[in-house]
There are 2 protein chains.
Amino acid sequence: MLRTHTCGELTISDLGKEVTLTGWVQKSRDLGGMTFVDMRDRYGITQLTFNSDDNAALRAQARELGREFVIKVSGKVIERSSKNLKMSTGEIEIKVSSLEVLNAAKLPPFLIEDETDGGEDLRMKYRYLDLRRNPVRNNLVLRHKMAQEVRKYLDGMDFIEVETPVLIKSTPEGARDFVVPSRMNPGEFYALPQSPQTFKQLLMVSGFDRYFQIVKCFRDEDLRADRQPEFTQIDCEMAFIEQEDILNVFEGLIRIMFKNVKDIDLADVPRMTYADAMRLYGSDKPDTRFEMQFVEMNELVKEKGFPVFDNAELVVGIKAKNCAVYTRKQLDELTDFIKRPQIGATGLIYLRHNSDGTLKSSVDKFYNEDELKKWSELYHSEPGDLILVMAGPTEKVRKQLSELRLEMGNRLGLRDKNVFSPLWVLDFPLLEWDEENERYHAMHHPFTSPKPDDIALLDTNPGEVRANAYDMVINGTEIGGGSIRIHDRTLQALMFKHLGFSNEEAQKQFGFLMDAFEYGAPPHGGIAFGFDRLVSIFAGLDSIRDVIAFPKNNSGRDVMIDSPSTISEVQLKELKIKTDL
Amino acid sequence: MLRTHTCGELTISDLGKEVTLTGWVQKSRDLGGMTFVDMRDRYGITQLTFNSDDNAALRAQARELGREFVIKVSGKVIERSSKNLKMSTGEIEIKVSSLEVLNAAKLPPFLIEDETDGGEDLRMKYRYLDLRRNPVRNNLVLRHKMAQEVRKYLDGMDFIEVETPVLIKSTPEGARDFVVPSRMNPGEFYALPQSPQTFKQLLMVSGFDRYFQIVKCFRDEDLRADRQPEFTQIDCEMAFIEQEDILNVFEGLIRIMFKNVKDIDLADVPRMTYADAMRLYGSDKPDTRFEMQFVEMNELVKEKGFPVFDNAELVVGIKAKNCAVYTRKQLDELTDFIKRPQIGATGLIYLRHNSDGTLKSSVDKFYNEDELKKWSELYHSEPGDLILVMAGPTEKVRKQLSELRLEMGNRLGLRDKNVFSPLWVLDFPLLEWDEENERYHAMHHPFTSPKPDDIALLDTNPGEVRANAYDMVINGTEIGGGSIRIHDRTLQALMFKHLGFSNEEAQKQFGFLMDAFEYGAPPHGGIAFGFDRLVSIFAGLDSIRDVIAFPKNNSGRDVMIDSPSTISEVQLKELKIKTDL
């Protein structure tokens, strides 16, 4: 080793030791005949001192050091005169006796500090410098720690990590695949996996019983703010289980991660049906850090002459505690918020429960005081509260009110990043109506099993069929989802039929799986967690980008290595493909 | 859970318990009024009994069970009358009181037994059934265990596992890349990584200090018997270290894996220079389970009138203990072996040291007894030994004799799969002459640092320059290799120049790395182990295929899922590529 110690480990108990350290120059300052250098490595910062009186040449050498120079110093651990008790090494410094520059450095294009002056683009181009900053590096250390905890827990529960192939087969169901031309099989392509779904099910058929994998997956989608073309899943599957077993095992996983990584004792994870989540929060991933549940009020408000409510399928509202003081301007802001094209609502009704007990609504014309009192009772409002009401088609208005609820949560400081509120959402619908293609498609994927009681509905009312499917949600973000799978060829074939597959298509794409079901497939089910997302929640970040070492931008580009890029004619020729621009 | 216990855990201490088990029917047999069923799961086999006298209907149901049916039974643990002490559950059986068929099974196309009647092709097509067989499943359990050990050891040494991107940039240096057309950047391609080499070096520049990753890598090569287009590496890098540190840390890794996985205490791993390995074994990956080192004999045999030796650059041989009794036929076999086109030697000379002490060679015409006696002394041969000698151009004859040495090792039973002989090979040449393209290319990769003393030779005698590069070899197989890297822009640019890169090419392909070297790059180096290969050695297998859950065949096909395959016109159009057959 070039060093005897790291920059984060020497303390007052090491006084007098002769040590050798290596690291980067964080900053340096002159003070009289002295030069002080903060030297940084992954483990911390240690202060170096150079004194003209002791060694003028060495001190002169130290004054030549630039920021981010890589150096190696030897010297003695001495006590600092002015201590910094905020850092572990803050009571000592190194009286340097020799200094070697291991590598000089150009001035970095932005500050290597917790708070940097570098913009997003510059930091992405020089990602290797951005990764030197504590907050970015800490995210990746956290990620490593979390991955270790996942493996420790699952290994302890007899799960086996099995690597499934990356070069697989393209299937049109679901999102768009990335494909890889095969040189040895001209005209044919591999696809990169969107998930190891079929392979993990085959492992259950193989009797592996308990499988997991922390695995890269790929989706060629137009990238929204917080999507990456390659992302990481904690992918899991179990056989001979029921839904209850999966919920328990993976609730245990989440609980132990919070405990061991963040020292947080989670309570039991509450459970809610999809139907209730939609009714009470207008979302299948409600942020349950705060209550503010929806209150439906059709019975109270209809047929009183207010056409907006009379014509609406659903009238529904929320109660914002202590917001009766909201000014006209604040209420207008909220109205503007829900009228934004992304939300698309037409209007917002309010009822102020004033601190003097009086009730004041924006629809006084249609509802008298007695009627408003009934509103207040329905919402259990108290003096000082504000009730916000929207109306429209059920699905639409729920979605809109959900956005308003989250906005109110933000305004009221109810969405604290240090509070964690996990939730199981259960009984998802099996199928989802696809407006564009005018057909049903699988809400999760085509291997999800319907609830046995609902199978009969497949023919009469497919949209009502519930699945043995579940999501885990934390703080309004879906972090994992799974289902009990179909393990019967006949039922799987029926599902493909309902998803509009011909027999031939089903056989061509998933024949191997349906064949496998005929050779002794056990009941099985599983779950997959979005690992990037989970780490970002643990890190208190809004974006997954900073928990990924080398992320891509919204055009799928890695601007640091400048990829994707053109390839040579020789390569294209060998692959027997042509670009067709 | 559908079960209370697994099929591998019940023993005599569980007598009298009411249990529920699930699993596959391994086999069943009738004996008088009884039916015995062996039920299998991942954990073991448990015997079930059905007795007509107790429940004739249930017994009748049991007789209907076919092989590989998935069943669930409840019953009582009782003592077996005829015990099988070879299995943990061999003292008990389950007196079944209820039986449920969870899934029927067609007759599998081959036997699900340790020894199967299925050929390679059939087993690959039904890989999910092959994976049910103990030897195949055990390989994957071993693989999981080894991966856990790797992570535990490296985590304990402050290494951080960082995921590097899979969608990267194509570089023509090295093997052929798999490429991925970018839909969002038409005409441009990602490449799949052959290794995370540049990214791990950038992590060192970022100050990560100790990085590892168990990671999939990809190479689009014509597949020899034991190559896979996707394979797994244990990829590692350290900063502020010297070669000695890397050797120690990773010798520690290998040692702890042998200890914890196979309970084998390895001795210190011996070290040998590349030059010595070539001189003594004719190979840079010698199988050191057995000695049989090369003996060079130019000085002894030249200018005695034997033109084959006189004209040879090198005359070199090995001594096979106790092989003087080899018959003419056996010696002819050896000669045929080395004359095979894969080896291409022209002839084999022998000297028999007979048990009566006499010496008999195939070149008695040219060498008298005194001279043969000197041969015997040089080889320290004893009565009963056989000396085998070859002659030719140095590089060629060494390679040929190396093959003969391994063949003799096989014949003499010196290559025991349960014996493990690791070796460090050090000081590899930096450059290798490429006959076909008439230029030097990097023996490891272009980021390997030359030994400082040898840099001057780059201009005068590039082939003589040694690198700070090392391989770990076990039993004649290279299982890992690495180097101390260049961390200086000027030296890196010099290397690219010597590898025939123009400045523009170097900048276009590796500009980001050379730029990074200017912002404070620490001294660093690393190593990568072939994880598939390492597992196969631990498993005592010749092929890596059976330590991979879903391997591809020699044409790069997954015959189970039938991939690669054609993709739709829509997909090609979106990607703006055409096939060009």
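Start by selecting P564(A), which sits in the loop between α16 (531–539) and α17 (569–575) of chain A; helices here are DSSP runs of H or I with at least four residues, strands are runs of E with at least two, and both are numbered from the N terminus. The peptide bond joining S563(A) to P564(A) is cis, with omega about 0°. Now jump to chain B, where S563(B) and P564(B) are also joined by a cis peptide bond, omega again being about 0°. There, P564(B) is in the loop between α16 (531–538) and α17 (569–575).

A word on what you are viewing: this is a predicted model, in which local features need pLDDT of at least 70 and side-chain atom pairs count only at pLDDT 80 or more, while totals for chains, interfaces and linings use all residues. Residues are numbered from 1 along each chain as its sequence is written, chains are lettered from A and ligands numbered from 1 in the order in which they are written, and side-chain values use heavy atoms, with hydrogens and water left out.

Stay with the backbone for two more stops. Most residues other than glycine have a negative phi, and most peptide bonds are trans. Select D263(A), in the loop between α6 (243–262) and β11 (271–273) of chain A: its phi is positive, near 55°. D263(A) is exposed, at 56% relative accessible area; exposed means over 50%, buried under 20% and partly exposed in between, using a 1.4 Å probe and protein chains only. Next, pick N475(B), between β20 (469–474) and β21 (477–484) of chain B. N475(B) has a positive phi of about 55° too, but with 9% relative accessibility it counts as buried.

Zoom out to chain A as a whole. Of the 581 residues in chain A, 58% are buried.

Now show helices α14 (489–498) and α15 (503–516) of chain A. Their axes come within 11 Å and cross at roughly 160°; axes are lines fitted to C-alpha atoms, for helices over the stretch in contact, and angles run from 0 to 180 degrees between N-to-C directions. That makes α14(A) roughly antiparallel to α15(A), a term for angles over 145 degrees. R489(A), Q492(A), A493(A) and F496(A) of α14(A) make the contact with A506(A), Q507(A), F510(A), M514(A) and D515(A) of α15(A), where contact means heavy atoms within 4.5 Å.

Leaving aside neighbours within four places in sequence, T171(A) is in contact with D177(A), Q509(A) and F510(A). T171(A) lies in the loop between β6 (160–161) and β7 (179–181) of chain A, and at 18% relative accessibility it counts as buried.

Finish with aromatic rings. Which residues form a cluster linked by ring pairs? Select F306(A), F309(A), F366(A), Y367(A) and W375(A) to see it; rings of Phe, Tyr and Trp (its six-membered ring) pair if their centres lie within 6.5 Å, and planes under 30 degrees apart count as stacked, over 60 as edge-to-face and the rest as tilted. Over all chains there are 48 aromatic pairs by this rule. One of them is tilted: Y274(B) and F428(B), with ring centres 5.1 Å apart and planes at 45°. Y274(B) is in helix α7 (274–281), and F428(B), 154 residues apart from it, is in the loop between β17 (422–426) and β18 (431–434) of chain B. Both Y274(B) and F428(B) are buried.

Technical notes
Angles under 35 degrees count as roughly parallel, over 145 as roughly antiparallel, 65 to 115 as roughly perpendicular and the rest as oblique.
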